[in-house]
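Here's a quick briefing to read alongside the model. Have the sequence and the 3D view open as you go.

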Amino acid sequence: MDFTDVKTLEMILVFILIGGALYFYATEKLALEVTSLAVICALMVVFHLLPVPGPDGKNLLSAKSLLTGFANPAMLTVLALLILGEGLNRTGALDSAAKLVNAVSQGRPIAAIGLTLLMVCSVSAVLNNIPVVVLFIPIMQALAVRSDRPSGRYMMPLSFAAILGGMTTLVGSSTNLLVSSAMIELGEPGFSFFSFTVPGLVVAAVGMVYVVFILPKLLPERASKIEASQREAKQFKAQITVRHHGKLDGMTPSAGFFPELNNITVLSVESEGEVRLPPYDEIPLQPDDVLIVAATRDRLLQFHKENPGAITPDIMMRSGLARMIDADAPWKSGAQSVAEVMVTPASRMVGRTLDTIGFRYRHDCVVLGVERRSRMARTRPTEIPLEPGDILLIQGRRSDIEALRGSQEVVLMEWSAEDLPQPHHAKRAGAIFLATIAAAATGLLPTEVATLTGAAAMVICGAMTAEEAIRAIDHKIILLIAAALALGAAMQASGGASFLAQGLVYVLGGTSPAIVLSGFFLLTAILANVLSTKATAVLFTPIAVAVSHTINVPAEAFAVAVVFAANCSFASPVGYQTNLLVMAPGGYKFKDFLKAGAPLLILCWLAFSLFAPFWFDL
């Protein structure tokens, strides 16, 4: 290698940048978005000073070329899918699917996750992986809540299961179609629908055993915020009103308790002016009975979502005027949020009850629960005099909640704000999503057109606001994708990827075809975690054909190796879009993918290396 050659220098600089990017991504000594932006800037500077001329003499790696990732259709598709997924999540459109999975698994967390992941793997065999993952992210989040486990234990297995399922048929992934098309252009026969289904099922089966039984144990139980763990520990006192024909109407205690109210402690029951304390007689609940309960915020909100209005306390029960005002209350219509506020020592609320304060009418926010460090009486929260330091769980429009920042009576805890689902928009959100997927799957519209249109429809139909759609877009994902595409273009134009592939053939050229195939698979899989899967597939398919001809074996074996290896983007979030999609919901860091995904890559490599020689008669 001539180190004075400009081409060689360009290649070395690209390798240095890739190594530096991976180091900072893994260690997170710099924020991911800072590292991504630094990589893009460094590439622009390097290839402005050392241009790579194309056939027409123009620089193949100009600033314009390196920045095209920001307008790449894949980038826009991912962002649109994030908005679509948030729309489904905001409306609770997929809660019924989560309930079905949970019912079939009889509430057992391991069975629920296993069943769901097998479903994802199967569906991904015939549908593009990205919409499948978007479809199941909210389901996994709902399962996480029901099993009292963090979402981080579910999100990465979801992405990996979709990738493994996509390996089994021609249409399982767009990467598979790219390899087949490239084979045809090179004069080789393309793949049929089930050309590599058998070896794909072998690799996927080995991978799924790891994903279901081992991967969750390697993932960190990391909360997205420290305050989230603090929120779990707090017990809010609330009151639940039994509504006509509601879930609680007619419910009878068993052995003195209410088994249907999981993780909710019933402190007392008020019925027809009588207060009953535990253990409760086997007397069914009647409409207008009030249960005084204690539970964590998440459990209360889960119950609130399943039983709208049940934990909204009635105040001034004998006041007809209050009932008339409440009928069109701002906390009963439109997009709703919840947050926590603390009563200040100088507040006029101290010593007064929620019944007499009129908090909901003064601030357009209703108090759902009260948390106090000291013991509270087993009476309604609305009848307990407030004390300094009491935490109120409130519901209202986000604008009304944010207006409390200037209040002298309470302190808004900024981290605690959370949007509530809008179940009345669930059907339209589900219809929009299904129409989007159908348009993309049937080819009626290009994927990017279908997803962008669907995202816009979510906002137009009222399933979410424009501000909520913007908040659903993660700026880290934007910069990560742009940096990955820029690095992929630099690797190809500088000849770095070809250099590595040709070096492998040179080193392994004198060994058996099975060993060459195994080494080729491993190199392709490693680069798939640096480049995008599509770039890897396009780059290595011609090399696969050339290698097969050199050692006189059928090209199909090496082409299938490209399909599987390019899909083995488990050790990096930048390798494939589904990894990026689950990164934020799972609260993952770059090193989490390296730690948990690298063993899966090795397992897939070993499974293919052992089965392929037998299947392809090498």
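**A helix, a strand and a surface patch**

Just past helix α26, G587 takes a positive phi of about 65°. Keep in mind that this is a predicted model.

**Helix α26**
- The buried set runs Q577, T578, N579, L580, L581, V582 and M583, plus G586.
- Here "buried" means under 20% relative accessible area.

**Strand β7 and its partners**
- Strand β7 (residues 391-396) has 6 of its 6 residues buried, so the rest of the structure largely encloses this strand too.
- Cover comes on both faces of β7: I391, L393 and Q395 are buried on one side, and L392, I394 and G396 are buried on the other.
- Strand β5 (residues 337-343) runs antiparallel to β7, and 6 bridges join the two.
- Within that pairing, S337 has G396 of β7 as its bridge partner.
- Strand β6 (residues 365-371) also pairs with β7 in the antiparallel sense, over 6 bridges.
- In β7, I394 stands opposite V367.

**A nonpolar patch on the surface**
- V126, V171, L177, F193 and F194 make up a nonpolar surface patch, and together they have about 440 Å² of accessible area.
- One of these, V126, sits in the loop between α6 (109-124) and α7 (129-146).

Terms used: Residues numbered from 1 in each chain as written. Predicted model: local features only at pLDDT ≥ 70, side-chain atom pairs only at ≥ 80, totals over all residues. Heavy atoms only, no water. Patch = residues over 30% accessible without salt bridge, like charges linked within 9 Å, V, L, I, M, F, W, Y side chains within 5 Å. Areas by Shrake-Rupley, 256 points an atom, 1.4 Å probe, with all protein chains shown as cover. Salt bridge = Lys/Arg side-chain N within 4 Å of Asp/Glu carboxyl O. Helix = DSSP H or I, 4+ residues; strand = E, 2+ residues; numbered from the N terminus. Buried < 20%, exposed > 50% of the residue type's maximum accessible area, 1.4 Å probe, protein only. Pairing = 2+ DSSP bridges.
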